[in-house]
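Student: I am new to this structure. Please show me how to read it.

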Amino acid sequence: MAQFDLSIQPRFNETDGLGHINNTVIPVWFEAAREPIFAIFNPELDLNHWNLIVAGFTIAFTAPTYYGKPVEVVSRISRIGNSSFEVLQQSFQAGKMTAEAKTTLVHYDYQTEKSVAIPTDIRELLGAYLTA
């Protein structure tokens, strides 16, 4: 099964008073890890022609993430609908999953403020990353 991978080195300033990476940081990492998915829809990542919008996001923190050890973020597609799709993402540190998120993205026309069907060629590209 194909997936997108991003390796992140946690920064000291992302560490909170409890000694672990703050819970507001990991969603930002997950957004950064979605960039290759954004590029499937908009290869130049041109904000003037942006065509995706977030419809929902859920996250579960399964273990603390710490400063000083790299984090791997794995992204896959978990569902493809007519105009929306879901991205499943997990972060791992030292082989242990520390968070899991699901983000629903909609193929969107900002001028008409309406969802748009995902074209067949893009649907096929997304399908290569679809979880079993």
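**Reading the model**

Student: Where does Asp 16 sit?

Tutor: Asp 16 lies in the loop between strand S1 (4-8) and helix H1 (25-33). Helices (H or I, at least four residues) and strands (E, at least two) are DSSP runs, numbered from the N terminus. This is a predicted model: local features need pLDDT of at least 70, side-chain atom pairs count only at pLDDT 80 or more, and totals for chains, interfaces and linings use all residues. Residues are numbered from 1 along each chain as its sequence is written, and side-chain values use heavy atoms, leaving out hydrogens and water.

Student: Is Asp 16 buried, exposed or partly exposed, and why?

Tutor: Buried means under 20% relative accessible area, exposed over 50%, partly exposed in between (1.4 Å probe, protein chains only). Asp 16 has 22% relative accessibility, so Asp 16 counts as partly exposed.

Student: Which residues touch the most other members of the largest nonpolar core?

Tutor: In soluble globular proteins, nonpolar side chains tend to be buried together. A nonpolar core is a set of buried Ala, Val, Leu, Ile, Met, Phe, Trp, Tyr and Cys residues joined through side-chain atoms within 4.5 Å. Here the largest has 13 residues, and Ile 37, Phe 41, Phe 85 and Leu 126 touch the most other members. Helix H2 (35-41) gives two or more residues to this core, as do strand S4 (84-93) and helix H3 (120-127). The largest share, 4 residues, comes from H2.

Student: How are the rings of Tyr 108 and Tyr 110 paired?

Tutor: A pair of aromatic rings is described by the distance of the centres and the angle of the planes. Rings of Phe, Tyr and Trp (its six-membered ring) pair if their centres lie within 6.5 Å; planes under 30 degrees apart count as stacked, over 60 as edge-to-face and the rest as tilted. The structure holds 5 aromatic pairs. One of them, Phe 4 with Tyr 129, is stacked: 4.0 Å centre to centre, 20° between the planes. The centres of Tyr 108 and Tyr 110 are 4.8 Å apart with planes at 80°, so that pair is edge-to-face.
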